[in-house]
Structures are given as C-alpha cells and as structure tokens.
Amino acid sequence: MQNEIKIARLNNQSCEQIIGLILPIQQIEFNVDIDLAAQPDLLDIEANYDATGGAFWGAWLNYELIGTIALIAVPEYHSGAIRKMFVKREFRGKELGLAQSLLETLIAYSRENNLKELYLGTKDILQAACRFYERNGFVQVEMEKLPSYFPRMAVDNVFYGLDLKPA
C-alpha cells in the first residue's frame, strides 16, 4: 500500500467523511461552539459549493480523509469565499505542507476560473491559521468592509482577503 497523499475534488458521497473530520476539530480540539445544524452546507457539497462554480477538495491518505478546503464562487463579482480549511492535527505543519497544498489547489482553481479576489473568515484563537493566511499574502479585512455577498459564519471574528494578481 502506498502512503501518498492525494488531493481530489469531493462530492456528496464524501459528506460523512467530511463531517467526521471537521466537527471534532471544531468542537473538541478548538472548543468552537458550532454544530452540524449551523453548517448545513456539509450535508450537500454539490449544491452549496459546486453549483456556485466553486469546489470542495479533500486530502486523502490510504482512504482516510485528512484535510479539506472549499470554495464558494461568486462569479458575478469575480470573487470567492474560502471555507472549511481543516487539516487533521497529526498532518499539520510545514514538513508535509498539506495546508499549503490545499490552499494552492484552491488558488489555482480560482485563477483558472477568473476569480480576482478571495475572502475568508476564521477565529482569532486560531493563531496558527491566521499566521498561515498572512504568510500566503492574505490581508486582514474589517468585518464592516467585507463584500455584502460574503457568506459570514457567526463564529468567525477575523476576516482576510487576497487579491489574486496574475500568476
């Protein structure tokens, strides 16, 4: 058996694995007060991500989902929202570069689909995530200055934007 990590698009057949990865990270590891009812998008990936022109990607290792990232596209504004960026604890860090690979996959897709800017929300207690986004060129955006179409989650309190200049 090969121990190679593969990043691939996900669909509704992966909803159970996605939920199984994301909810424990949110609730147990980071003690975020959120449940599945507050994230109905996780029950229908195709309607909430693919149908917008976005996508949902997963990182797999030997049939185990170990990371995710998703894009809600807003093509009429040449923009998108990054959602559901999660990596299982034991696969985090620069050594594997999994989060970086997931983000680069999403950015490449965004550029291929003529998106010019990306936005995301996170929590200030997730300092490693905030540093990661800043290292990747994201700039903090005040909540009041977010575009009206940005799908804000109630638990998020820090927001970032990235101007997608031509590669």
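## Strand E7 and its partners

Strand E5 (residues 117–122) pairs with E7 in the antiparallel sense, over six bridges. Strands are DSSP runs of at least two residues, helices are H or I runs of at least four, and both are numbered from the N terminus. Two strands count as paired if DSSP finds at least two bridges between them. Val158 in E7 is the bridge partner of Thr122.

Strand E6 (residues 139–140) also runs antiparallel to E7, joined by two bridges. Here Val139 has Gly161 of E7 as its bridge partner. E7 itself spans residues 158–163, and five of its six residues are buried (under 20% relative accessible area; exposed is over 50%, partly exposed in between; 1.4 Å probe, protein chains only).

## Basis of the model

This is a predicted model: local features need pLDDT of at least 70, side-chain atom pairs count only at pLDDT 80 or more, and totals for chains, interfaces and linings use all residues. Numbering starts from 1 along each chain as its sequence is written, and side-chain values use heavy atoms, leaving out hydrogens and water.

## Nonpolar cores

A nonpolar core is a set of buried Ala, Val, Leu, Ile, Met, Phe, Trp, Tyr and Cys residues joined through side-chain atoms within 4.5 Å. The largest has 29 residues; Ile69, Ile82, Leu103, Leu118 and Phe138 touch the most other members. Elements that each supply at least two of its residues include strand E4 (79–87), helix H4 (127–135), E5 and E7. H3 gives the largest share, six residues.

Ile82 contacts (heavy atoms within 4.5 Å) Ile69, Ala70, Leu103, Leu106, Leu118, Tyr119, Leu120 and Phe138, leaving aside neighbours within four places in sequence. Another core, of 23 residues, lies apart; among them are Ile18, Ile72, Val141 and Leu146.
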